[in-house]
Amino acid sequence: MTKTLIAYFSRTGEQYGVGEIKEGNTKKLAEVIAQKTDGDLFEIKVVEDNYPDKYIPLIQFAKNEKAENARPEIVGEVKNFSDYDTVFIGYPNWWSDMPMPVYTFLEKYDFSNKKVYYFCTHEGSGGVHPKDFAVYGHIAQNDKTQTEKDVEKWLNNLI
Ligand SMILES: Cc1cc2nc3c(=O)[nH]c(=O)nc-3n(C[C@H](O)[C@H](O)[C@H](O)COP(=O)(O)O)c2cc1C
């Protein structure tokens, strides 16, 4: 039996191309992956959430956070992390990088002997590493059928 974790970072509020959203694009993608892999979800959230709700201020905030190479503290722990043999890590492309809290997460846990796969949502730049599975944010947000198809294809080619 394999045990699968899907850890992701995602925002609500105003996002590029989709307007005000109640559930983040990456979160929606993460949920499809969790459903298809029978995995457990973990949302990477920051302890002090100062991210603006509006897109333009968020862009600036994220730019500063990246420039500082910040490591914002994240909420909670993954229970029994060592039991997972496969970990999917999901992020929205922010300034052609991953949001800094994803780095906090990566540095907090020991990934040796685990299979690690990255997925992301974006609006044109794709993923940050060449092999990352990348889905347009507005597709993840608005087209579940297409997202499911793309996820299935990706998962089938992983092994
Ligand atoms: C701070 C910030 C920076 C972004 N930078 C990029 C970028 O460099 N390239 C890109 O294709 N999309 C960029 N986007 C668009 C997001 O990647 C896209 O809207 C994503 O689906 C948001 O995911 P979420 O709803 O899970 O937070 C950026 C969005 C934000 C808020």
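The following legends describe close-up views of a predicted model. Residues are numbered from 1 along each chain as its sequence is written. Because the model is predicted, local features need pLDDT of at least 70 and side-chain atom pairs count only at pLDDT 80 or more, whereas totals for chains, interfaces and linings use all residues.

**View 1**
Helices (H or I, at least four residues) and strands (E, at least two) are DSSP runs, numbered from the N terminus.

**View 2. Strand 1 and its two partner strands.**
Four of the five residues of strand 1 (residues 4-8) are buried, so this strand is largely enclosed by the rest of the structure. A residue is buried if 20 or more other C-beta atoms lie within 10 Å of its own, exposed if 12 or fewer, and partly exposed in between, with C-beta atoms placed from the backbone. Strand 1 runs parallel to strand 5 (residues 86-92) and is joined to it by five bridges. Two strands pair if DSSP finds at least two bridges between them. Within this pairing, Ile-6 stands opposite Phe-88, and Ala-7 stands opposite Ile-89. Strand 1 is also parallel to strand 4 (residues 40-43), with four bridges between them; there, Tyr-8 has Glu-43 as its bridge partner.

**View 3. Strand 5 beside strand 6.**
Six of the seven residues of strand 5 are buried, so strand 5 too is largely enclosed by the rest of the structure. Seven bridges link strand 5 to strand 6, and the two run parallel. Tyr-91 has Cys-120 of strand 6 as its bridge partner.

**View 4. The surroundings of Cys-120.**
Cys-120 belongs to strand 6 and counts as buried, with 28 C-beta neighbours inside 10 Å. Apart from neighbours within four places in sequence, the residues in contact with Cys-120 include Thr-26, Gly-90, Tyr-91, Pro-92 and Asn-93, as well as Gly-127, Val-128, Asp-132 and Ala-134. Two residues are in contact if their C-beta atoms, placed from the backbone, lie within 7 Å. His-138 is 18 residues from Cys-120 in sequence, and their C-alpha atoms are 12 Å apart in space.

**View 5. The largest nonpolar core.**
This core holds 29 residues, among which Ala-7 and Ile-33 touch the most other members. Strand 1, helix 1, strand 5, helix 3, strand 6 and strand 7 (133-136) each supply at least two residues of the core. A nonpolar core is a set of buried Ala, Val, Leu, Ile, Met, Phe, Trp, Tyr and Cys residues joined through C-beta atoms within 7 Å. Not counting residues up to four places away in sequence, Ala-7 touches Phe-42, Ile-44, Val-78, Val-87, Ile-89 and Phe-105. In soluble globular proteins, nonpolar side chains tend to be buried together.

**View 6. The buried face of helix 3.**
In helix 3, the buried residues are Pro-101, Val-102 and Phe-105. Seen down the helix axis, these buried residues fall within an arc of 105°, so they line one face of helix 3. The arc is that of the directions from the helix axis to the C-beta atoms. The buried residues of helix 3 pack against strand 1 and strand 5.

**View 7. Exposed residues in three loops.**
Asn-80 is placed in the loop between helix 2 and strand 5. Although Asn-80 is not a glycine, it has a positive phi of about 50°, and it is exposed, with 10 other C-beta atoms within 10 Å. Ser-96 occupies the loop between strand 5 and helix 3 (100-108). Ser-96 is likewise not a glycine, yet has a positive phi of about 55°; with 11 C-beta neighbours inside 10 Å, Ser-96 counts as exposed. His-129 lies in the loop between strand 6 and strand 7 and counts as exposed, with 9 C-beta neighbours inside 10 Å. The C-alpha atoms of His-129 and Val-151 are separated by 18 Å, the two residues being 22 residues apart along the chain.
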